Amino acid sequence: MKKILIITGCAAMVVAAVSCSNVRREEGRAYMPDMSYSRAYETYASTEALDKAGVFYNARPVEGTIARGDMAAYPYKNDSAGYVMSANVKNPLDPAVVDMKEAERLYLVNCGICHGTKLDGNGPLWKGGDGPFPNAPRNLLTDPVVANMAEGTMFHSVTYGKNTMGSYASQLNTKQRWMVIAYVKMKQGQGKTTAAPAAAVADSAKATTTGK
Amino acid sequence: MILCKPIGQRLTVLFLSLFVSIFSVSAQDAAAGKTLFMSKCAACHNVFKDGTGPALMGLEERHKWADHNELLKWVNNPSAYMAGDAYTQGLKTKFGSLMTAFGDITLKDVDDVVAYINDEVAKKAKGPVAAPGDTPAATDSSNQNAIIFGVISLVLAIIALILMQVNSNLKKMSDDVEGILRPEPVPFYRNKVYIAMAAIVFFIVGGFLVTKGAIGLGRQTNYQPEQPIYYSHKVHAGINQINCLYCHGSAMESKSATIPSVNVCMNCHKAIQSYEKGPKLYTEDGKEIDGTAEIQKLYTYAGFDPKNAAQWDPSAAKPIQWIKIHNLPDHVYFNHSQHVNAGKVQCQSCHGEITAMDEVKQVNELSMGWCVNCHRQTKVNFNYSDSTGNQFYSIYEKFHNDIKSGKMDSVTVKDIGGLECQKCHY
């Protein structure tokens with residue numbers, strides 16, 4: 001009788017030691033749960049209870065409202081007509097006033113991953129064809145399509161996505177998107193002045209005559 | 001003999017150069033084609049996968065493209081070609097947009113690009129280049145060590161028990177021989193010394209475990225839940241160098257760091273539809289993961305059909321219910337922007353080496369002692385007068401004066417109120 005007890009005891013211990021995994025999949029218990037878990041709705045908390053109670057909630061801003069510090073929404077829709085119209089939209093930010101350091105940071109975080117830190121279209125996701133991305137990102141400095149693109153069209157593409165590029169409206173607000181475009185245009189301008197100063201002068205002359 | 005050698009040499013040189021030139025013609029074609037493909041075509045086309053435009057593999061077997069003159073006409077002026085051609089009209093409806101015209105492409109360019117495409121297809125048919133095989137994560141050696149140590153100590157304990165038994169038996173025998181009369185020995189479970197020792201050990205061990213358990217209540221060190229999709233931070237933030245703020249951008253601007261919406265995932269995964277180039281993936285329990293199947297899970301949430309990418313409606317996507325790992329109790333206030341934007345603290349300081357984790361786990365205990373310790377030690381970047389300093393702290397005039405006069409050499413978070421109760425509890 002005693003022997004059986006000892007043997008089963010030992011066996012149970014061995015089983016417990018073997019089956020013990022040190023991957024912690026459970027979050028554990030809380031001390032005083034009423035102080036640990038918020039009764040109010042917190043960011044990213046489930047809103048299923050609201051649905052059940054019949055309260056309308058869709059986590060979207062009311063249409064026509066503008067967040068503090070942001071700018072008025074872009075007027076055109078995501079269709080081919082909107083794409084054509086976008087060419088006439090001018091950057092509402094004055095490039096001289098834009099905080100280029102912050103704009104560069106936004107570019108490096110959000111765009112550099114594909115279009116490259118040097119805007120050469122060779123970011124870590126492409127890596128000259130060795131990265132996971134199947135299509136080459138545009139070289140923002142030399143690709144004829146992008147180098148001559150109107151800033152409004154750029155904004156349209158960044159807002160709604162174009163070809164394999166997705167929409168960045170959920171990552172960058174209107175003002176940040178215009179800042180990034182001001183940064184890209186500044187870099188393109190630098191490229192042009194070193195390559196062909198005359199063309200840049202002609203371009204800017206055209207811009208001043210057409211703008212207003 | 002003297003003449004023979006130079007002639008022989010010349011002949012070999014001649015043959016060699018002939019040999020090289022024959023082979024270099026085709027090689028050059030593909031190489032030139034590669035340069036052309038990368039600069040002009042790759043933005044929309046991939047050899048093996050549909051992108052903005054169709055995959056170009058097996059191009060010559062489709063439509064009339066075996067005739068490169070037809071192909072040239074199409075590439076030079078797609079809209080004119082499409083007017084009288086049903087096949088390319090069908091392509092336009094399938095992919096949603098018409099190909100850009102490349103007026104400067106010549107017949108030689110078309111030959112080169114097609115040579116490059118066929119070259120790539122042939123390379124792939126030869127079999128995939130052996131990828132550096134990743135061995136599964138070493139099963140926890142510490143766990144195995146614990147078992148070994150346990151077994152050894154169990155064996156030793158049994159031996160000790162047997163020896164004690166032998167010892168007492170021998171003593172009894174020698175006592176019998178010498179004729180010393182001793183009272184019948186008490187069994188160990190009634191021996192008061194043993195009972196007292198066991199009680200002390202029980203209180204020490206029990207007290208330690210109870211205290212440890214009580215402190216651990218509500219703390220989640222090493223918490224590593226299984227997420228609805230196996231998302232590897234190692235692959236995304238480590239190997240592919242995606243910035244933390246690409247997905248968690250509002251760590252700069254608000255209390256919570258963003259949990260990315262499906263749209264953010266789809267920014268890249270609209271195009272990256274399979275997991276091919278990275279190392280093999282394993283869960284923490286050692287189960288192998290098929291990366292492509294995990295991307296398919298994302299498509300289910302997004303309502304995205306890879307075969308019909310142009311028709312995707314992002315507004316129909318359903319949120320992925322990721323499980324939050326780093327939780328603080330409700331009576332603690334923590335703000336990401338205060339630390340990331342104002343304090344310029346790196347994400348890794350609190351979250352650990354995220355770029356090396358396949359499945360994220362909580363590395364630090366996120367206890368009050370841990371917070372306070374960091375607030376005591378961390379120096380604030382105070383020299384705001386030069387460009388490297390942090391403008392956020394420009395209002396602390398007294399400290400700036402003290403630094404200037406040499407009274408203080410640095411300012412820690414504690415000095416600017418980092419230990420006040422109300423900063424985090426209110």
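## Domains of chain B

The domain assignment divides chain B into domain 1 (4-125), domain 2 (144-216), domain 3 (228-366) and domain 4 (368-426); such bounds come from an automatic or database domain assignment. Between the C-alpha centres of domain 2 of chain B and domain 4 of chain B the separation is 57 Å.

## Basis of the model

This is a predicted model, in which local features need pLDDT of at least 70 and side-chain atom pairs count only at pLDDT 80 or more, while totals for chains, interfaces and linings use all residues. Residues are numbered from 1 along each chain as its sequence is written, and chains are lettered from A and ligands numbered from 1 in the order in which they are written.

## Fold of chain B

Chain B contains 17 helices and two strands (DSSP runs numbered from the N terminus: helices are H or I of at least four residues, strands E of at least two). Of its 426 residues, 15% are buried, that is, with 20 or more other C-beta atoms, placed from the backbone, within 10 Å of their own.

Helix α11 (residues 291-302) of chain B has twelve residues and spans 17 Å from first C-alpha to last, close to the expected 16 Å; the expected span is 1.5 Å times one less than the number of residues. After α11(B) comes B:G303, with a positive phi near 70°.

## Contact between the chains

Chain A gives 35 residues to the contact and chain B gives 45 residues; two residues are in contact if their C-beta atoms, placed from the backbone, lie within 7 Å. On the side of chain A that touches chain B, α2 (33-36) and α5 (100-110) of chain A each supply at least two residues.

Conventions: A residue is buried if 20 or more other C-beta atoms lie within 10 Å of its own, exposed if 12 or fewer, and partly exposed in between; C-beta atoms are placed from the backbone.
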